Amino acid sequence: MAIHGNPVVCLEKMSYVAWLSRIRGADKSSAIQGTVRKVHYNFPDGAEMLEEYSTETGVVLRRAWKNRSDLLRKDDWTVELGDPIPQGLKKGGGGAAADGGFLVQESSTEPFLSKRVTRNAIEWRIRNLPYPLSTYTISCEGDQRTITVRTSNKKYYKKIEVPEFQRCGFAPRQEDLTVRHQSQTLILSYKKPPILVEMEKAVLVELQNVETVEYDNSLQCEDLLKGLIGQ
C-alpha cells in the first residue's frame with residue numbers, strides 16, 4: 001500500500017461561520033426516541049437536512065439531505081453519513097443515492113462505501129475489496145478536501161468527498177489518516193482536526209435552543225422520521 005499527500009501548503013484557515021449561520025437560519029424541529037435525538041432542518045433555499053444524534057455521546061449517527069429540483073422533479077433523500085433512510089420514507093421504495101457518503105450495495109459482490117463518525121475520527125469502510133493492503137494507494141487532496149482510493153490492478157477507484165472538511169475549510173493531511181484491511185474491507189480513519197471538533201460543538205450549542213419532543217419508545221422509528229420530515 002502507498003499513501004501519498006500533497007506537499008504541506010500554508011493556507012489561510014477558513015472558519016465554519018457560513019455553516020453555523022446556515023444552521024441558525026434554518027427552521028428546526030427535534031424529537032428524542034430512546035437514546036437518539038432526531039433533528040429536521042428546513043433551509044430558506046428549500047433544502048432539508050435530517051440528523052440523528054446519540055444522546056449519550058453527542059455524536060451524529062446519520063445525516064441526510066433532500067435537495068428539491070423542479071427540473072428533475074426529484075425530492076428524494078441523499079445520505080451523507082450513517083445508515084440509509086428507511087425504505088418506507090422513500091417515494092419509490094428504492095435505495096438511498098450516494099454523495100460522498102453511503103453507497104447502497106447493488107449486489108453482493110460490488111464494492112460499496114459506508115461512513116460513520118466517532119468522537120475522535122471520521123471512518124469509511126469500503127466492503128467487498130478482496131485485494132491485499134499493498135494493492136491500494138490512498139491520497140489526501142488538501143486543496144479539494146477529498147481522499148482518493150485507487151488500486152494498482154485498476155479494479156477500483158473512488159474519490160471520497162468530505163463535506164465536514166468543506167464546511168470548516170480544513171485541508172486533510174496524510175499524517176492524520178490511517179488505513180487497514182480486514183475481512184475484504186478497506187477501512188480508512190481520519191483523526192478529527194481541532195477546527196472540526198470546535199464546529200461540531202458549536203452546532204450542538206445551537207441545538208440546545210431547539211424545542212424537543214420526547215416520544216415513547218414504543219413508537220416505531222419509521223413513524224418518528226415521517227413525523228419529523230412531514231411525510
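This is a predicted model: local features need pLDDT of at least 70, side-chain atom pairs count only at pLDDT 80 or more; totals for chains, interfaces and linings use all residues.
Good morning. Residues are numbered from 1 along each chain as its sequence is written, and side-chain values use heavy atoms, with hydrogens and water left out.

Which residue forms a salt bridge with Glu141? The partner is Lys159, and the closest N and O atoms are 3.9 Å apart. By salt bridge I mean a side-chain nitrogen of Lys or Arg within 4 Å of a carboxyl oxygen of Asp or Glu. Lys159 lies in strand 12 (residues 157-161) and Glu141 in strand 10 (residues 136-141), so this pair ties together parts that are 18 residues apart in sequence. Helices (H or I, at least four residues) and strands (E, at least two) are DSSP runs, numbered from the N terminus. Lys159 has 32% relative accessibility and therefore counts as partly exposed.

The whole structure holds 15 salt bridges. Another of them joins the side chains of Lys38 and Glu52, at 3.3 Å from N to O. Since Lys38 belongs to strand 3 (residues 36-42) and Glu52 to strand 4 (residues 48-54), the pair ties together parts that are 14 residues apart in sequence. Lys38 and Glu52 are both buried.

A further salt bridge links Glu164 with Lys115, with 2.9 Å between the closest N and O atoms. Glu164 is in helix 2 (residues 163-168) and Lys115 in strand 8, so parts 49 residues apart in sequence are tied together. Glu164 and Lys115 are both buried. These two residues also belong to a network, joined by salt bridges that share partners, together with Glu51, Arg63, Glu80 and Arg167.

Let me now turn to the sheet that contains strand 8. Four strands form an open sheet in the order 8-9-14-13, with antiparallel pairing; two strands pair if DSSP finds at least two bridges between them. Strand 8 (112-117) and strand 13 (177-182) are the edge strands, each pairing on one side only. Six bridges join strand 8 to the antiparallel strand 9 (residues 121-127). Within that pairing, Arg116 has Glu123 of strand 9 as its bridge partner. Thank you for your attention.

Key. Buried means under 20% relative accessible area, exposed over 50%, partly exposed in between (1.4 Å probe, protein chains only).
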